[in-house]
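Hi,

Here is the structure I promised to pass on. Have a look at it first, and then read my notes below.

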Amino acid sequence: MKTARISDRVYYIGVNDRTTHKFEGMWPLPNGVSYNSYLVVGSEKTAIIDGVEVSHAFQQIDEIKSILGDRQPDYLIINHMEPDHSGAIRLLRQEFPEITIVSNTQALNMVHGFYGVDGNTLTVKEGETISLGKETTLSFTMTPMVHWPETMVTYLMEEKTLFSGDAFGCFGALNGAVIDTEMNTDPYFPEMLRYYSNIVGKYGVFVQKALKKLEGTPIETICSTHGPIWREKIAEVISLYDRLSRYEPLDNGVTIVYGSMYGNTEHMAEAAAEALAERGVRDITMLNASVTDVSFIIAEIFRHRGLVIAAPTYSDGLFPPVAAVMDAIAVRGVKNREVALIGSYTWAPQAIKVMTQRIEACGLTNVAAPVSIKQSATGDDLTICREAAAILARKLTAE
């Protein structure tokens with residue numbers, strides 16, 4: 001990635017990763033991911049804000065040297081210790097032995113725990129500041145559990161620039177430009193939804209606390225650790241995080257998640273989709289849990305208000321791919337969704353029992369009586385599926 005100048009004081013020194021297949025070993029990266037890092041140059045001192053993943057460390061070091069020349073960076077500020085950002089710490093300390101590592105107590109403990117790096121550290125607390133020289137002041141705000149306990153954000157006061165760590169980030173490598181005003185950002189918003197819902201989604205209450213802390217802070221630039229730098233779309237980005245962290249659906253559409261071994265349950269799910277469409281639901285996403293990665297399914301569940309889950313009994317329980325989706329829903333504490341359930345079985349009607357128990361445990365609302373169909377669906381059975389979907393459609397279209 002070329003070095004990009006963000007302002008008179010701030011440089012982008014991040015990198016793109018187009019080879020890693022799964023983020024955190026779980027989430028597919030069809031469009032890659034960026035690891036964003038920044039260099040703030042003051043009249044007296046300089047600060048690197050967040051590192052990069054270790055395999056890209058030498059690229060980052062080369063970029064720092066190309067900007068600073070013989071000058072050495074004074075500070076390495078760590079907003080978040082996850083190794084995709086902190087992996088370069090050891091190499092940065094080796095290359096710049098006088099650099100002071102700056103973060104909160106929890107993060108500095110993790111620096112030792114992950115990398116065995118000690119000494120020449122500076123602990124900062126809520127609201128404290130560091131001056132890099134004339135009109136270059138960095139302040140620190142603690143944002144625990146967004147999405148690790150040590151997370152914080154750094155704010156360049158004179159430029160109203162927020163270095164937000166993982167907050168407001170998204171999947172997707174950067175394709176030449178790094179600032180939203182210089183690119184088409186449309187592909188990044190679905191990936192922000194997928195990023196938030198899968199990685200941060202469990203921690204909505206903490207995101208809300210962080211947003212309230214920052215509420216009165218004037219922000220003209222958001223420098224996240226993944227995805228574009230936000231300027232033009234700041235209001236849209238913050239609004240999206242606000243809604244998602246309140247578990248507020250983005251629309252009145254429906255996600256249909258189904259599993260089917262031999263096509264019978266799929267037939268029932270199709271009937272439900274047809275009934276929804278016939279009754280005015282225009283945004284319907286139908287996903288086969290055996291084929292679609294759970295990260296895409298969870299993103300759609302966060303997006304839509306309506307949810308249909310259809311699955312057969314398997315080994316006296318619930319069909320495993322659908323069970324995995326329901327586990328993911330429970331882990332993230334998804335709320336404010338209207339649900340219809342469809343189960344099928346050959347001799348033991350366990351699927352609908354398990355799904356009903358799990359949905360109730362999550363505090364979600366079944367808008368219709370759960371449907372349980374034995375063996376293949378007859379015309380009357382499909383009518384029952386359609387009726388359940390129709391009840392869901394009436395609920396959604398009335399709002």
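What share of the residues of the chain count as buried? Of the 399 residues, 58% do. Keep in mind that this is a predicted model.

The chain holds twelve helices and 23 strands, and its C-alpha trace spans about 80 × 40 × 35 Å along the principal axes. If you take the contacts between residues at least 6 apart in sequence, 71% of them join residues at least 24 apart. As for charge, you'll find 35 positive and 48 negative side chains, and the centres of the two sets are 4 Å apart.

Next, a sheet to look at. Five strands form an open sheet with mixed pairing, in the order β12-β13-β14-β15-β16. At its edges sit β12 (129-131) and β16, each pairing on one side only. From one strand to the next, the twist averages 20°. Within this sheet, β14 (residues 152-156) and β15 (residues 161-165) run antiparallel and pair over three bridges; Thr154 has Phe163 in β15 as its bridge partner.

Leaving aside residues up to four places away in sequence, His226 touches a number of others, including Phe23, Tyr35, Asp84, His85, Asp166, Cys170 and Tyr195.

Cheers

Notes:
Residues numbered from 1 in each chain as written. Predicted model: local features only at pLDDT ≥ 70, side-chain atom pairs only at ≥ 80, totals over all residues. Heavy atoms only, no water. Helix = DSSP H or I, 4+ residues; strand = E, 2+ residues; numbered from the N terminus. Buried < 20%, exposed > 50% of the residue type's maximum accessible area, 1.4 Å probe, protein only. Contact = heavy atoms within 4.5 Å. Lys, Arg positive; Asp, Glu negative; His and termini not counted. Charge placed at Lys NZ, Arg CZ, Asp CG, Glu CD. Pairing = 2+ DSSP bridges. Axes fitted to C-alpha atoms, helices over the stretch in contact; angles between N-to-C directions.
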